[in-house]
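Hello,

Here is the structure you asked for. Please open it first, then read the notes below it.

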Amino acid sequence: MESSLLLTWLCVFAYGHHVSSLLTKENIYQKMEMVRENSSPDLIPAYGEPLSVGLTLDLSSIREVDIARGEVEILAMRTISWTDPALSWSHDSDAGESGSENFVSSFSMNTKYLWTPDIVAYNAIHAPELLSPHIALVAASGRILFVPNERIRFRCNLENFENAEGSNCTLKYGSWTYHANILDLELNQNLFSTSSYEENPNIELLAVFAEKNIRHYACCPDAYPDIEFTLNIRKRTNQGNLFGLNWKK
Ligand SMILES: *[C@@H]1O[C@H](CO)[C@@H](O)[C@H](O)[C@H]1NC(C)=O
């Protein structure tokens, strides 16, 4: 199921540049070598205006709820996307549709050669465990797509977990170092997806919602954007499921 989401993404991603941006199979390697040689992973590709970074979360499963510690562990794929015009390649207007199988509209590259957004979960209790390779997809438009599949453990107040309304567990993501005038987070319709969510027999996922905030912190005059992904979860009981009854304490 996870791969199908990624495939859908890749198709949407590649399709837009299918005709206009072409590079042959032979010179894609030259292009990749050039990117590797000129790579400057420390330099954010923001040219005068804030770099717009897309961030969405696709929840795969809730692994564990630890009420005593106030911790929740999930598996999720984050889709992080941004554009570096310096990586784009020019289109070949002479190439017809018939020759399109010889052309490449995107390539995969190890993220160590690319600047990648320093977007972290502020309330995680340890670094996320990366379950997928450090590889991003670079499209002819210069759009870069990085989809880390991760195990994430974060803090949450679980006081209401056994009550009818459940607990709201919020995972808050933002850039660690860049303020809004350098890196901004895109606000799009589908920030939080559950299309590949697998039910947990002991935990009921009542709702998910996401919102973007712009905050000021005591440290600094600048504003910092963040996106909060909230899972409304509660303990599942057999009785509740069997009889469709409301929850009683
Ligand atoms: C969870 O958040 C939603 C939306 O903000 C709110 O309506 C609801 O009351 C919250 N529930 C709890 C238990 O805090």
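How many salt bridges does the count come to? The count comes to 13 salt bridges. Keep in mind that this is a predicted model. As background, side chains of opposite charge can pair when their charged atoms come close. One of the salt bridges joins the side chains of Arg153 and Glu64, with 3.1 Å from N to O. This pair links distant parts of the chain, since Arg153 sits in strand β8 (residues 149–155) and Glu64 in strand β1 (residues 51–66), 89 residues apart.

Next, the ligand. Around the ligand you will find Asn160, Glu165, Gly166, Asn168 and Phe209. Sorted by class, this shell has one nonpolar, three polar and one charged residues. For Asn168, an N or O atom of the side chain is 2.3 Å from an oxygen atom of the ligand. On its own the ligand has 360 Å² of accessible area, and the protein covers 40% of that.

Last, the empty space. Rolling a probe the size of a water molecule over the atoms shows where empty space is left. The largest pocket has a volume of about 320 Å³. Its lining is made up of 19 residues, and those nearest the centre are Asn38, Ser40, Asp84, Ala86 and Leu87. By class, the lining of the largest pocket has 14 nonpolar, three polar and two charged residues. Helix α2 (residues 25–37) gives the largest share of this lining, with three residues.

Regards

Terms used. Residues are numbered from 1 along each chain as its sequence is written. This is a predicted model: local features need pLDDT of at least 70, side-chain atom pairs count only at pLDDT 80 or more; totals for chains, interfaces and linings use all residues. Side-chain values use heavy atoms; hydrogens and water are left out. A residue is near a molecule or strand if one of its heavy atoms lies within 4 Å of it. A polar contact is a pair of N or O atoms within 3.5 Å; within protein, one must be able to donate a hydrogen and the other to accept it, and residues adjacent in sequence count only if both atoms are side-chain atoms. Accessible areas come from the Shrake-Rupley method with a 1.4 Å probe; for residues, only the protein chains shown count as cover. Ala, Val, Leu, Ile, Met, Phe, Trp, Tyr, Cys and Pro count as nonpolar, Asp, Glu, Lys and Arg as charged, and the others, Gly among them, as polar. On a 1 Å grid over the protein atoms alone, a cavity is a set of points where a 1.4 Å probe fits but cannot get out, and a pocket is an open set with protein on both sides within 12 Å along at least five of seven lines; lining residues have an atom within 4 Å of a point. Grid points are joined across faces, edges and corners, and a volume is the space filled by probe spheres set on the points. Helices (H or I, at least four residues) and strands (E, at least two) are DSSP runs, numbered from the N terminus. A salt bridge is a side-chain nitrogen of Lys or Arg within 4 Å of a carboxyl oxygen of Asp or Glu.
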